Amino acid sequence: MNSRVNSFIAWAAANSFLLALISGVFLAFPFRVEMPLISTVGIEGVLPFGDFVRGLHFYTGQLAFLFLLLHIVYSLRARSFERKSWFSWSLLVATFPLTVFALFSGYVVRNDEIGSSAGHIAESLLLEVPLIGNFLNHLLMAVSKEGVHRVYAAHFCISFLLFIGLCGWHFNLKRLKIWDLVYVALVAMILTVFYPPLLRPFEPDLSVLGPWFFVGIQELLRHLPPFWAGVVFPSIPVAALWAYKKYSKLAGIILVAWHVFYFFLSLVGFSR
Amino acid sequence: MKKLLVFLGVILLAFMLFKELKRKRAPQVFTTTSGRVEMCLACHDEAPEKVHAREVVGCSPCHLGNPLRMEKDLAHAGMIKNPGDLRVVEKTCGRPECHPQMPGKVKKSLMATNRGIINVLLRYWGEIPEDAKNRPEDSVEYLLKTGKNSLALDYYRKLCGSCHLWMEKGKLPDFLAEKGGGCVACHLVKGPKEAKHPVLTRKIPLENCVRCHNRSGRIGLTYQGLYEDEGYGTPYLEGDFGAETLIDGRFVRRIPADVHYKAGLVCVDCHISEETMGDGKAYNHFEESVEITCRSCHGGKGITRKGRKIPRVKKEGGKWILEGIFTGKKHELKPPDPIKCEHTVHKRLSCQACHSPRVPQCFGCHVRYDPREKQLDKLTNRETPGAWEEFRSYMRLEEPTLGVKGDEVVIIVPG
């Protein structure tokens with residue numbers, strides 16, 4: 001791990017990710033991909049400690065994403081990217097949308113109202129991607145035809161491959177400190193105990209909101225065509241992050257402006 | 001720091017263990033016949049009637065809450081006791097897969113708006129112009145939302161405001177608690193004790209209608225052969241009141257009942273759903289909403305004056321019959337007497353002009369308002385300044401006066 005970045009946050013992101021993987025393995029045994037919601041409810045309501053493990057999986061996934069965002073901010077400010085080659089930097093930037101997908105697909109596979117709606121919206125957006133949209137959809141989503149089979153496989157595979165890849169060339173797992181892991185586990189446990197993640201039942205009022213980080217895009221979809229709102233707009237921060245290595249100032253302005261705008265969009269979305 | 005983390009971790013794990021031991025786990029995931037998860041069924045054994053069977057509908061489509069959770073506080077969050085309440089009905093009875101067309105119609109119906117009552121009061125009391133009609137603000141929903149009040153509206157709120165579909169069932173005290181409830185005001189009847197759940201029915205019993213339709217024209221009472229007596233239960237018989245009392249304490253006497261009542265028919269044998277639940281139009285008065293006429297059945301082939309079919313009227317063996325909703329009995333529908341009814345000199349007579357030999361009439365109704373007292377506002381269930389009192393006197397059960405309305409000779413009844 002680069003010494004110029006905030007090591008606590010960097011390791012917190014790695015630890016959260018590791019805990020999400022471990023808890024995910026426990027959940028994978030009782031989870032039945034052909035009846036995702038029934039098995040998720042079964043995990044929560046029938047299996048001893050099932051809701052606890054699912055809560056841990058949910059919150060460690062969320063913490064991994066949030067710590068990753070902080071890690072990116074600290075890394076950009078510390079200009080740690082300067083020591084990386086373009087190839088290495090490009091790969092690192094690519095891990096960000098993959099992490100978002102790992103988190104997003106976790107919502108989709110549980111197949112409650114939020115997950116189901118998010119899956120269908122994501123499928124529509126993937127189909128808007130020029131040339132490879134259909135391929136991407138069949139690779140990652142295709143919920144309308146195949147339920148959550150593909151998205152579950154993608155959730156599982158991408159999460160593990162991502163972690164293995166990052167272990168291989170971004171951080172050394174041997175340097176992981178057990179107390180940092182305990183610290184993250186405790187935060188996730190406290191959140192699980194006091195704010196258990198709730199599945200949302202299907203309701204007829206059509207006011208369903210997607211995962212919290214998706215609400216901004218959902219709001220923008222009300223105002224712009226799907227291609228612009230769901231493909232071009234979310235690609236902007238990834239492109240800006242990639243370009244940060246060469247055009248730091250401009251990319252920084254774009255990143256800040258995008259996030260401010262996205263925050264505003266999310267606020268509007270949540271207030272509906 | 002490390003010791004603190006260990007301590008906190010142990011406490012949390014102990015708490016989780018305690019919680020796990022204490023909680024009730026479901027033996028399985030409960031689903032409806034369509035495969036929808038309904039964990040409510042793990043604890044609840046209430047059994048509604050066949051149409052809303054628990055295995056088919058479950059609990060949450062009607063009572064909301066979270067059917068995906070087992071913990072009581074989480075599962076019951078957002079739950080409602082009465083799915084028929086018009087405040088939530090779009091999410092419950094009116095949900096897309098059930099009765100989606102009904103909430104919009106019912107909310108426009110006179111039983112929900114009370115538009116006629118409110119409009120007439122405001123006009124008679126000079127608070128709006130005489131020709132003010134079709135006012136959206138003349139509705140219970142508007143009064144509930146805005147809290148608008150005036151002298152005429154205060155009268156409505158305190159004396160009339162318990163008989164409308166927006167009334168929350170069980171909200172008001174005493175016998176008034178039975179009134180209202182939106183859909184269930186009409187469609188709910190008590191179920192068998194072992195079912196632990198009331199029955200929802202399309203066979204609306206007479207008492208559900210009469211719960212409200214027992215004042216003013218008193219049609220619900222007269223139909224059953226009850227005459228609201230002016231008096232005090234006199235003459236006394238064997239040391240007790242000589243008259244029956246209604247649930248609200250009014251005295252009634254027995255009189256000959258309506259022939260349809262004697263035949264075992266109830267209100268919904270004749271009145272169709274568009275009259276009671278609305279046809280989507282916002283009417284001012286009930287005479288605009290009511291469709292059936294005597295001639296719809298008697299010589300009219302079961303068609304209302306608005307051209308709709310009366311469901312229970314059909315032709316069998318060359319004869320028009322009406323099949324009683326409760327009795328199943330087939331009543332032959334006799335056409336109007338070709339001599340008495342169709343005679344030229346009787347052409348302008350309404351059926352009631354001859355067939356209502358006695359009608360309850362009240363010549364001495366008056367109202368007193370005391371601004372010093374307080375009285376229950378039935379819309380808000382709060383006591384507010386000003387109390388109204390109704391007085392009835394000179395009540396009679398007599399031949400009605402005949403009058404001309406438009407081109408028709410009708411009965412004219414005060415009270």
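How many residues lie between β10(B) and β11(B) in the hairpin that they form? There are 4 residues between these two strands, and B:N381 in the turn has a positive phi of about 60°. This briefing concerns a predicted model, in which local features need pLDDT of at least 70, side-chain atom pairs count only at pLDDT 80 or more, and totals for chains, interfaces and linings use all residues. Residues are numbered from 1 along each chain as its sequence is written, while chains are lettered from A and ligands numbered from 1 in the order in which they are written.

**Chain A overall**

- Chain A has 12 helices and 0 strands; helices (H or I, at least four residues) and strands (E, at least two) are DSSP runs, numbered from the N terminus.
- The radius of gyration of chain A, taken over C-alpha atoms, is 19 Å, close to the 19 Å that the globule rule gives for 272 residues, so chain A is as compact as a globular protein of that length. The globule rule is 2.2 Å times the number of residues to the power 0.38.
- The C-alpha trace of chain A spans about 50 × 45 × 35 Å along its principal axes.
- Of the 272 residues in chain A, 38% are buried. A residue is buried if 20 or more other C-beta atoms lie within 10 Å of its own, exposed if 12 or fewer, and partly exposed in between, with C-beta atoms placed from the backbone.

**Nonpolar cores**

- The largest nonpolar core has 55 residues, of which A:A13, A:A64, A:F104, A:V108, A:V151 and A:A188 touch the most other members. Such a core is a set of buried Ala, Val, Leu, Ile, Met, Phe, Trp, Tyr and Cys residues joined through C-beta atoms within 7 Å.
- This core draws at least three residues from each of domain 1 (7–196) and domain 2 (209–272) of chain A; the domain bounds come from an automatic or database domain assignment.
- Apart from this core lies another, of 30 residues, among them B:C93, B:M111, B:C267 and B:L379.

**Contact between the chains**

- The contact takes 24 residues from chain B and 23 residues from chain A; two residues are in contact if their C-beta atoms, placed from the backbone, lie within 7 Å.
- Helix α1 (residues 2–22) of chain B gives 8 residues, the largest share of the side of chain B that touches chain A.

**Strands of chain B**

- In chain B, 3 strands form an open sheet in the order β3-β5-β4, with antiparallel pairing; two strands pair if DSSP finds at least two bridges between them.
- β3 (226–228) and β4 (244–245) of chain B stand at the edges, each with a single partner strand, so one side of each is left without a neighbour in the sheet.
- Strand β5 (residues 251–254) of chain B is joined to β3(B) by 3 bridges, and B:R253 is the bridge partner of B:Y227.
- Strand β10 (residues 366–377) of chain B pairs with β11(B) in the antiparallel sense over 9 bridges, with B:Y369 opposite B:W388.
- Strand β11 (residues 382–391) of chain B is hardly covered, as the count of buried residues among its 10 residues is 0.

**The loop residue B:T32**

- B:T32 lies in the loop between α1 and α2 (60–63) of chain B and is partly exposed, with 19 other C-beta atoms within 10 Å.
- B:T32 and B:F7 are 25 residues apart in sequence and 45 Å apart in space, C-alpha to C-alpha.
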